[in-house]
Amino acid sequence: MPKSARLPCSRPNLIVLAAITTLPLCPAAHAQMFEPKAALEDTKLYFTAPLRWDQADWLYFGSTLAAVAVAHEFDDNVRNHFVTDPVAALGTKDSNGTRDALPMVALAAGTWAYATLIHSKDGYYETGTMLEAGVLTAASTTILKYALGRERPHDTPEVDSWFASGDSFPSGHASLAFAVGTVFAESGSDRYRWIRRGLGYGAAGLTSYWRLKGNAHWTSDVVAGAALGFTTAQFVMNRRDHSHRQIATSIMPVDGGLALAFSLPLN
């Protein structure tokens, strides 16, 4: 495929996203995982979120840009640490894309499988949150890849090869891994919080390390992807938790007519 026609969203990333989105095969689990209307509303709010940011949000955004800028200063050093001859490595293919996606797929598939095994509504709900966070992260990552067009370290020795039809920035593997990993880490009971965080962030960190070691991304690509995945997961969890706690109403038949019932979670 000609370089100018390369797709910013790599095939391994598409395979991973497809694997995550096809997890809910049990029809009974769909309603427990997510509601299409709520997901559409979340999507609208996600892409228009900067219009509602307050001072703290802009401060966090500025801190993230600063972290990416600092990481950019080490792009050459990290690449040279893993690749002894960067020029000789030019033109090589990313042959580990599928392997590097295994940690995030394992987290999502494991959560869904366990929920199916014990018929856990919370487990289905967590899987749905992973799904929504993954889809939104993949969409925003792809938009940035198209817009910035940075070339990968195995395509060019120049760290600042932007707007060149590349697909390096941000790292899609890192963003998806941190989206799924953050949901896993911050969901469930606080009793097992340290275990969940170790597995969730550990899997995401391993994915990011593999992307650097395999010369598939620059350090700043991975840092930007991690920040994007983490913040997207936080957004989705906050939105879904808010929606989950809304008053639910229902109409049920009783002797002599109908009754309107409502429920409101108190914790």
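Colleague: Which helices each supply at least two residues of the lining of the second largest pocket?

Modeller: Keep in mind that this is a predicted model. The pocket in question holds about 1000 Å³ of space, and 30 residues line it. The helices that each give at least two of its lining residues are H3 (36–47), H4 (55–72), H8 and H11 (219–244).

Colleague: Nice! Which helix gives the largest share of that lining?

Modeller: The lining divides into 21 nonpolar, 6 polar and 3 charged residues. Leu 228, one of the residues nearest the pocket centre, lies in helix H11. The largest share, 10 residues, comes from that helix, H11.

Colleague: Is Leu 228 buried or exposed?

Modeller: Setting aside neighbours within four places in sequence, Leu 228 is in contact with Tyr 46, Thr 137, Ser 140, Thr 141, Leu 144 and Pro 170. Its relative accessibility is 16%. Buried means under 20%, so Leu 228 counts as buried.

Colleague: How far apart are the C-alpha atoms of Leu 228 and Thr 64?

Modeller: Along the chain, Leu 228 and Thr 64 are 164 residues apart. In the model, their C-alpha atoms are separated by 9.3 Å.

Colleague: Let's turn to Ser 161. With which side chain does the side chain of Ser 161 make a polar contact?

Modeller: Ser 161 sits in the loop between helix H8 (121–148) and helix H9 (172–186), and is buried at a relative accessible area of 14%. Not counting residues up to four places away in sequence, Ser 161 touches residues including Gly 149 and Arg 150. The polar contact spans 2.6 Å, and the partner is the side chain of Glu 151.

Key:
Residues are numbered from 1 along each chain as its sequence is written. This is a predicted model: local features need pLDDT of at least 70, side-chain atom pairs count only at pLDDT 80 or more; totals for chains, interfaces and linings use all residues. Side-chain values use heavy atoms; hydrogens and water are left out. Helices (H or I, at least four residues) and strands (E, at least two) are DSSP runs, numbered from the N terminus. Buried means under 20% relative accessible area, exposed over 50%, partly exposed in between (1.4 Å probe, protein chains only). A polar contact is a pair of N or O atoms within 3.5 Å; within protein, one must be able to donate a hydrogen and the other to accept it, and residues adjacent in sequence count only if both atoms are side-chain atoms. Contact means heavy atoms within 4.5 Å. On a 1 Å grid over the protein atoms alone, a cavity is a set of points where a 1.4 Å probe fits but cannot get out, and a pocket is an open set with protein on both sides within 12 Å along at least five of seven lines; lining residues have an atom within 4 Å of a point. Grid points are joined across faces, edges and corners, and a volume is the space filled by probe spheres set on the points. Ala, Val, Leu, Ile, Met, Phe, Trp, Tyr, Cys and Pro count as nonpolar, Asp, Glu, Lys and Arg as charged, and the others, Gly among them, as polar.
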